Each structure stands twice: as structure tokens, then as C-alpha cells.
Number of protein chains: 2
Amino acid sequence: MSVMSEERYEPALRLFSLLAHPARLRILDLLRRGEACVCHLQAALRAPQPYISQQLRVLREAGLIACRREGLFVYYRLENQQVAHLLADLLGPVAEEPSSLQCTCPRCRETASFEPIFLVEVN
Amino acid sequence: MSVMSEERYEPALRLFSLLAHPARLRILDLLRRGEACVCHLQAALRAPQPYISQQLRVLREAGLIACRREGLFVYYRLENQQVAHLLADLLGPVAEEPSSLQCTCPRCRETASFEPIFLVEVN
DNA sequence: ATACTATATGCAACCCATTGCATATAATGA
DNA sequence: TCATTATATGCAATGGGTTGCATATAGTAT
């Protein structure tokens, strides 16, 4: 049939398509707590960096998230309030994970209370 | 990578996957107004009947809608309040379509104010 | 310039939902 | 019983998103 895509539904359809993806949904949920750098998300999802960056691009080009570069690091943030509401409805309030993940970015270093998880001491 | 499907997100992921589909979203939106028979949805979507029934099955097996048979006709209804809220958030209040679609079901016949759209007089 | 780290991009292969269609079933009436 | 209408199911083919990986780019430091 292929007809049937009323323009009235298109924004909602695009949004649902973006959210109906494990990695993207997880990323958006993580960003509800505030900014996060790519390496942070990478550590949280335990997925290859190019994979993370690809999903970030999809979300960025859709306007759901935005980013800001600081030196070598790029910090992403949730940029769409409607998504924040949606996630609050469906996932509940922001979940505080027991051991907050640490990566190699300065932000993680300065607030580090434990040994960073993905930082390996080389002697 | 295929790992990464935290059970915490699975209900939301399933829901988003169901909603990220033009026909299914349209059907759910239509059912916000109340019950509708298959032929009614068929007329509204202008899609083949087997196609409509398939999407209805998907939604039914997911528990989003329920149905009740009355003679030859099967009336579907929205069965998930969370979905109703979601749609209200994203699509706004129930839209009253200018000319309400009519099909061949008794319900449409008794409330018919105009000639049913998809009813052809064969004399 | 070179080296190194963090991040982004390009692209091909794969996989699975989508969808079209034939057919089956349910219910009613003659 | 047969005919007809409304709805459901089965299944193969297709198309488009997903994903893995090689590689490119940006930024910093020596």
C-alpha cells in the first residue's frame, strides 16, 4: 500500500523509530542525568566506539541531543524536553546506578571517588 | 554486538517498536475515540483487509488492544491506558475528523448521517 | 612534524520486520 | 446445504535499518 503516511503522524513516527532501539534508548536514558562524553557512554554500553558514535549521530541529526567539544572530548546532552518527559513516563525517574561509571575524561577524573572502571594501571 | 538489551528497557522498547509503524499508530489513534470494527479501520486506512488484520493481531498479542465479536463484525478497542496517555502527549487530543468515515457495520448504519463512503448500491 | 588519544565517517553484509497475496475460518441467511 | 460477508492466518519475497570494521578527522603534547 505504501500510501498511508499521513503527515500528521510523521513527527511521532520518527521519534518512536529513534526510541525503538536498545543502544539509542539507553543513551538517551543516560543523558537524562546530564552531559556525558562519548567515552563515558562507551563504557556504559560496553560497545565499540564507532558504534556509539553512529547512534549519537542519528540522535544528533534528529535534534534529540546536542554536543559540545572540550579538547579531545565531546560532551553530549539531551536537547529535547519532550523526550525527557516521555522517558520519565515510561522509565520512571532517573535511576542512580550503584557504582557510577568512570572513564578517562577530565570530568570523570575530578569527581572520581573510586578507581575508574575502564582505566588500567600499566605498572 | 547484540548484548546490551537490559531488561529494564525491554517493555519500553517493545512499545516503541509497535508505535513506530504508520498503520499501527494510525489504528491506535483511531481507537482513542472508542470501539471500531475492522471494516471501519479498513476504510479509514484504505489498506487491504488482511493487512489491517495483521497489524491488529500484532497490537492485540501485545496487549495494547482487545476485541469483541458481534455477529460477523469484530470491534476493537484500546486496552492500554499508558498508550492513550502517550498518544495524547504526542498527537494532542482526539482529532475529530471532518467527515466521519462510514463502513457497512450496523453501528455505522444506525448513526449514519450521510451515505456510507464505501458502500456501493448495486440495485 | 610526529605520536597519540578521542571521536567521526563510509560502507558493505546481514538480518528481520514489513507487506502482498492466497487461503482459511467464523457467522449469518436462504 | 450452499452462498455470502467479515475477519483471520500462513508464508514467501522484499526492503531498509542495523552493525561491524576499516579508516578518516580533530585536538593535544612532545
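This is a predicted model: local features need pLDDT of at least 70, side-chain atom pairs count only at pLDDT 80 or more; totals for chains, interfaces and linings use all residues.
**Entry 1: salt bridges across the interface**

I started where chain B meets chain A, and the rule finds two salt bridges across that interface. Residues are numbered from 1 along each chain as its sequence is written, chains are lettered from A and ligands numbered from 1 in the order in which they are written, and side-chain values use heavy atoms, with hydrogens and water left out.

I looked up one bridge by name: the side chains of B:Asp29 and A:Arg8 meet at 2.7 Å, N to O. This pair crosses between chains, from helix H2 of chain B to the segment before helix H1 (10-19) of chain A. My helices and strands are DSSP runs numbered from the N terminus (helices: H or I, at least four residues; strands: E, at least two).

Buried or exposed, I wondered, is B:Asp29? B:Asp29 is buried, because its relative accessible area is 3%. A:Arg8 has 29%, so I noted A:Arg8 as partly exposed. The cut-offs are under 20% for buried, over 50% for exposed and partly exposed in between (1.4 Å probe, protein chains only).

Then I checked B:Arg8 and A:Asp29, whose side chains also meet in a salt bridge of 2.7 Å, N to O. That pair runs from the segment before H1 of chain B to helix H2 (residues 22-31) of chain A. B:Arg8 is partly exposed at 28%, and A:Asp29 is buried at 3%.

Shared partners join A:Arg8, B:Asp29 and B:Arg32 into one network of salt bridges. Over all chains, I have 10 salt bridges in my count.

**Entry 2: the whole contact**

How many residues does each chain bring to the contact? Chain B gives 29 and chain A gives 30, with contact meaning heavy atoms within 4.5 Å. Together the chains bury about 2700 Å², 73% of it on carbon and sulfur atoms. Buried area is the accessible area (1.4 Å probe) that two parts lose on being put together, summed over both.

**Entry 3: the nonpolar core**

Next came the largest nonpolar core, which has 66 residues. Such a core is a set of buried Ala, Val, Leu, Ile, Met, Phe, Trp, Tyr and Cys residues joined through side-chain atoms within 4.5 Å. A:Leu28, A:Ile65, B:Leu28 and B:Ile65 touch the most other members. Leaving out residues up to four places away in sequence, A:Leu28 touches several residues, including A:Leu19, A:Leu59 and A:Ile65. I also found a second, separate core of six residues, among them A:Cys37, A:Cys39, A:Cys105 and A:Cys108.

**Entry 4: one asparagine**

Last, I visited A:Asn80, in the loop between strand E3 (73-78) and helix H5 (81-91) of chain A. A:Asn80 counts as buried because its relative accessible area is 19%. Apart from neighbours within four places in sequence, A:Asn80 is in contact with A:Gly63 and A:Leu64. The A:Asn80 side chain reaches the backbone nitrogen of A:Val83 at 3.0 Å.

Technical notes. A salt bridge is a side-chain nitrogen of Lys or Arg within 4 Å of a carboxyl oxygen of Asp or Glu. A polar contact is a pair of N or O atoms within 3.5 Å; within protein, one must be able to donate a hydrogen and the other to accept it, and residues adjacent in sequence count only if both atoms are side-chain atoms.
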